Amino acid sequence: MTDDVCVLLPTYDEAATVADVVTDFRDHGFENVLVIDGGSTDDTRERAREAGARVEIQSGTGKGQAIREAVREHVTAEFVLMADADGTYRASDAEAMLEPLREGTAEHVIGDRFADMHEDAMSGLNRVGNTLFNGLFSLIHREDYSDILSGYRAFTVDSFERLRLSADGFGIETELAVECARHGVRTAVVPITYLPRPDGSNTNLHPVRDGGIILMAIYRQAKTSNPLFYFGSAGVVSGLAGAIVAAYVGYDWFVNGIPHNVLAIVAGVGIILGVQLLIFGVLSDLLVTLHSETLDRVEALEREVDGADTSSEVPTEGSTNPTETEERVGPPEQ
């Protein structure tokens with residue numbers, strides 16, 4: 001059954017591949033294919049419609065904005081299966097992606113491209129960058145999602161609405177992973193096949209520029225997810241820089257008798273700042289931990305209250321409504 005699934009394809013100048021991608025999903029039984037286009041200058045929209053997709057033009061720019069707008073304004077299905085329209089993902093992996101959602105074991109599913117990646121599907125630079133980003137994400141957020149930058153996702157609309165998303169560009173995949181970890185969204189990783197882009201299609205990804213955006217997104221999100229890392233890493237850098245300058249000042253003073261008053265001040269400021277940032281990171285981490293524990297208790301109480309309300313509203317067999325009983329019996333005779 002695929003009536004409960006909307007296949008979401010964000011596009012921008014994907015005329016060379018979009019029709020084949022739409023056809024692939026429709027051939028696998030997915031009739032509800034939504035193409036959200038970011039103002040393509042080629043025939044992307046026309047070819048998508050000809051292949052049987054529903055096409056909407058996003059009001060803003062960027063992949064992240066397109067996904068948010070599509071899910072909130074154009075999706076009515078229970079599940080969303082999101083993929084790139086560049087021909088690198090296979091519709092044959094869709095059922096495996098949706099299975100954890102339908103079984104109720106996950107609310108968000110990430111397709112792991114590294115499980116079966118074709119040799120020419122990713123450049124060496126991109127492989128190194130992906131490995132770095134995944135390792136950094138696991139260190140900061142204490143979750144191992146294997147492939148946080150994967151564009152092949154499946155999720156429930158309800159879980160998507162609980163996430164606070166703001167990224168407009170390619171940082172949306174990173175933000176989805178961070179928000180899932182932060183809000184405790186049950187996330188599963190499913191192995192998929194990752195194919196090279198077909199000949200004649202060009203990527204919209206710029207490795208250096210977009211890699212920098214992704215790196216900053218991971219680090220910035222650590223501010224509320226792992227403040228000890230966020231402030232502590234800056235403190236370590238500041239402290240080490242101050243210590244190195246201090247070592248140079250001390251060496252030149254004791255060995256050569258040359259004073260460096262300004263550098264000594266700089267070294268002292270660097271060391272003090274580093275220590276302060278480390279202390280601030282420890283205190284912030286404590287506050288975040290206490291806040292998370294408080295939220296868990298509040299959610300547990302809300303579930304208990306909801307359960308009690310539900311049980312009290314269900315009448316037991318043979319019971320009657322007191323008002324109805326009074327109306328049937330009537331007032332006592334005078």
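A residue counts as buried when its relative accessible area is under 20%. With that in mind, here are some close-up views of this predicted model.

**View 1. Helix H3, a mostly covered helix.** Helix H3 spans residues 63–73, and nine of its 11 residues are buried.

View 2. In the model, residues 228–251 are 100% helix and 0% strand, with the end C-alpha atoms 33 Å apart. Residues 263–288 are also 100% helix and 0% strand, and here the end C-alpha atoms are 37 Å apart.

**View 3. Aromatic pairs, of which the structure holds six.** One of them joins Phe-137 and Tyr-145: their ring centres are 5.4 Å apart and their planes meet at 35°, so this pair is tilted. Both Phe-137 and Tyr-145 are buried. Now look at Phe-155 and Phe-160, a stacked pair with 5.2 Å from centre to centre and 20° between the planes. Phe-155 has 0% relative accessibility, so it counts as buried. Phe-160 counts as buried too, because its relative accessibility is 1%.

**View 4. A cluster of tyrosines, with an arginine over one ring.** Ring pairs link Tyr-89, Tyr-152 and Tyr-194 into a cluster. Find Tyr-194 again and you will see Arg-113 lying over the face of its ring, at 5.2 Å from the ring centre.

Methods: Residues are numbered from 1 along each chain as its sequence is written. This is a predicted model: local features need pLDDT of at least 70, side-chain atom pairs count only at pLDDT 80 or more; totals for chains, interfaces and linings use all residues. Side-chain values use heavy atoms; hydrogens and water are left out. Buried means under 20% relative accessible area, exposed over 50%, partly exposed in between (1.4 Å probe, protein chains only). Helices (H or I, at least four residues) and strands (E, at least two) are DSSP runs, numbered from the N terminus. Rings of Phe, Tyr and Trp (its six-membered ring) pair if their centres lie within 6.5 Å; planes under 30 degrees apart count as stacked, over 60 as edge-to-face and the rest as tilted. A charge sits over a ring if NZ of Lys or CZ of Arg is within 6 Å of the ring centre and within 35 degrees of the ring normal.
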